[in-house]
Amino acid sequence: MKVRLYKRFTFCLGLLLVILSFVHLQSGEVAISYSDAWNALFSFDEQNQSQVIFRELRLPRTGIALLAGAGLSIAGLLMQTFFNNPLAGPSILGVSTGSSLFVAISLMSGLTLFTSTFGIITAAVIGAFIYSLLLLVFSSFVRSNVSLLIIGIMLGSFTNSIIQMIQAASDVNALKSFTIWGFGSLQQVNYNQLLPIFICFMLAVGMLLFLVKPLNSYVLGEDRAAQLGINTKRVKTMLIICVAVFTGLITAYCGPIAFVGLAVPNIVKLLYKTCNHWYLLIASALVGSLLLLICDLIILNLESYIQLPLNSITSLFGAPVVIWILLKNNMHAKN
Amino acid sequence: MLKIEQTEIGHKSVLLHVNSLQLNPGSLYVLIGRNGVGKSTFLNTLIGRIPALVGDILLQEKSIFSYSKKELSKKVSLVRATFTGIENLSVNEYLTLGRIPYTNVFGTTHEQDILIVNEVIHLLGLQHLSEKFTTQLSDGEKQLVAIAQALVQQTQLVLLDEPTAFLDYENKWNILKTIKRCTQDNQLCTIFSSHDLEMALEIADYLLLINPFTKEIKQVKATEITKQELLAYCFPSL
């Protein structure tokens, strides 16, 4: 009975996501007919202005909002289960920042190989991978949840200062684009980049299928997971690769988006009240996409008055979630 | 089923020395020794986490260190002293996780797995708890549920690290009786460590005594030793 309830609820979330995606595609100053949208994909006419808008602006923006929300939320859930810490997430523990550092280095290098789509994705994923690895090393020394959080925040600040030094040394134009990128933005992806991003994303999702069983066992603690026959070394490697691909991929194109990876899995756990990662992963992806679509819809609708950066909106709801978790855990400890 | 001969156990330095031990199914063994003498290290060695320094440990005629992790997870289980509960995890889900060694790469549970979980739930009388979250249980219930998960894992060798350390008198007896019953009914080989000497003497089939000076593990029948002799062997400086 419970399972059926989960399935229905998940289905409703999916339906809501589809509806909101259409709303998002239609939001903007120019109204675009369905025939234009269809033609933009299958018989593209460069002279038709609304087709160009749909193909080059609308579709990539909606697409990356969906992928970014899902990817960051999944990365957050993986980190939370693995570190056994509800406060873990790619942005707060510095993985996004690590990814930013490598993107900054590759952009400032000026070499065409590094500034290509492939080069930036690779740099971002490598950066995220190295920082996840660092966290893994640190986490074996600290026991407390809050200690790991503080280490992550320090790691982020340390890296940010390096990024600022690189910025100080770069020219005005590069500085401007990097600063805008750092605010978090869903507008910097074009149509041609969407497909490679999607393929990388789906490869990581493929790997994720083999992580569900280990993740469910990690709920019992790494020690017990090993006793139940889980190969913890292999799981660690796969998990870090997944986190790095999801975080790096999104950070490379949208900048370090704050709090989504931290907040969404906690909201999902509150809604589903289960530890089964089949549900948690699917629901995190759906809720993450939904949330980022809603944030971007707010930005789109206020665009004529004010240009809001994405991170200002995500932090607006994300930061209270962190405080709420800390309060809840403290009350739990007191009782 | 478990055979240890001329084996030295420890992390880096030798903590324990085993001359000759042979443990059989259907018997309950209680491990007794001073704090820090190496009881937990001994149990951790038996699940293959810590390699033996010298010698070998044979489980069903085969060295436990030659089993793959997956094979070993179907042979040995270890219940830790405390289970604090896991948020959003119901007792039913918690017990089902004990079937992980038997599921495929995606962790799909089959009808048989659910049957086994229900069987254990009935065996330990956990029906009224199965829908509760593990964080909502009392300390005694948590320990019972942790033992139930080991039973769901269906290993013949079951190790328990001080299963009654934090329980009141009534819960202690309930847990110990349950362990005893399951050991006999399912022909398990159960070893648990304890500091509760009276209870150990009463419930155990055999005692595994650790002398802190010679660092040797001695096996004696529970009916053939008095409390004084036991104290003299395990706590000689008393």
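**Chain A, overall**

I first looked up the secondary structure of chain A, which comes to 15 helices and 0 strands, where helices (H or I, at least four residues) and strands (E, at least two) are DSSP runs numbered from the N terminus. The radius of gyration of chain A is 20 Å, close to the 20 Å that the globule rule gives for 335 residues, so chain A is as compact as a globular protein of that length; the radius is taken over C-alpha atoms, and the rule is 2.2 Å times the number of residues to the power 0.38.

I noted that this is a predicted model, in which local features need pLDDT of at least 70 and side-chain atom pairs count only at pLDDT 80 or more, while totals for chains, interfaces and linings use all residues. Residues are numbered from 1 along each chain as its sequence is written, and chains are lettered from A and ligands numbered from 1 in the order in which they are written.

Taken along the principal axes, the C-alpha atoms of chain A fill a box of roughly 65 × 55 × 35 Å. Of its 335 residues, 44% count as buried, a residue being buried if 20 or more other C-beta atoms lie within 10 Å of its own, exposed if 12 or fewer, and partly exposed in between, with C-beta atoms placed from the backbone.

**Chain B, overall**

For chain B I found 8 helices and 10 strands, and 41% of its 238 residues count as buried. A compact globule with 238 residues would have a radius of gyration near 18 Å, and chain B agrees with its 18 Å.

**The sheet of chain B**

I then followed an open sheet of 6 strands in chain B, which has mixed pairing and the order E6-E7-E8-E3-E9-E10; two strands pair if DSSP finds at least two bridges between them. Strand E6 (76-79) and strand E10 (217-221) of chain B stand at the edges with a single partner strand each, so one side of each is left without a neighbour in the sheet. E6(B) pairs with strand E7 (residues 157-161) of chain B in the parallel sense over 4 bridges, and B:Val79 stands opposite B:Leu160 in E7(B).

Helix H8 (residues 227-234) of chain B lies across E3, E9 and E10 of chain B and runs at about 30 degrees to E9(B). Here axes are lines fitted to C-alpha atoms, for helices over the stretch in contact, and angles run from 0 to 180 degrees between N-to-C directions.

**Where the chains meet**

Which residues make up the contact between the chains? I found that it takes 17 residues from chain A and 17 residues from chain B, two residues being in contact if their C-beta atoms, placed from the backbone, lie within 7 Å. On the side of chain A that touches chain B, the largest share, 4 residues, comes from helix H10 (residues 212-218) of chain A.

**Positive phi**

Most residues other than glycine have a negative phi, and I looked up two exceptions. A:Lys273, not a glycine, has a positive phi of about 50 degrees and is found in the loop between helix H13 (260-272) and helix H14 (277-302) of chain A. With 15 C-beta neighbours inside 10 Å, A:Lys273 counts as partly exposed. B:Gln6 has a positive phi of about 45 degrees, and its place is in strand E1 (residues 2-9) of chain B. B:Gln6 counts as exposed, with 11 C-beta neighbours inside 10 Å.
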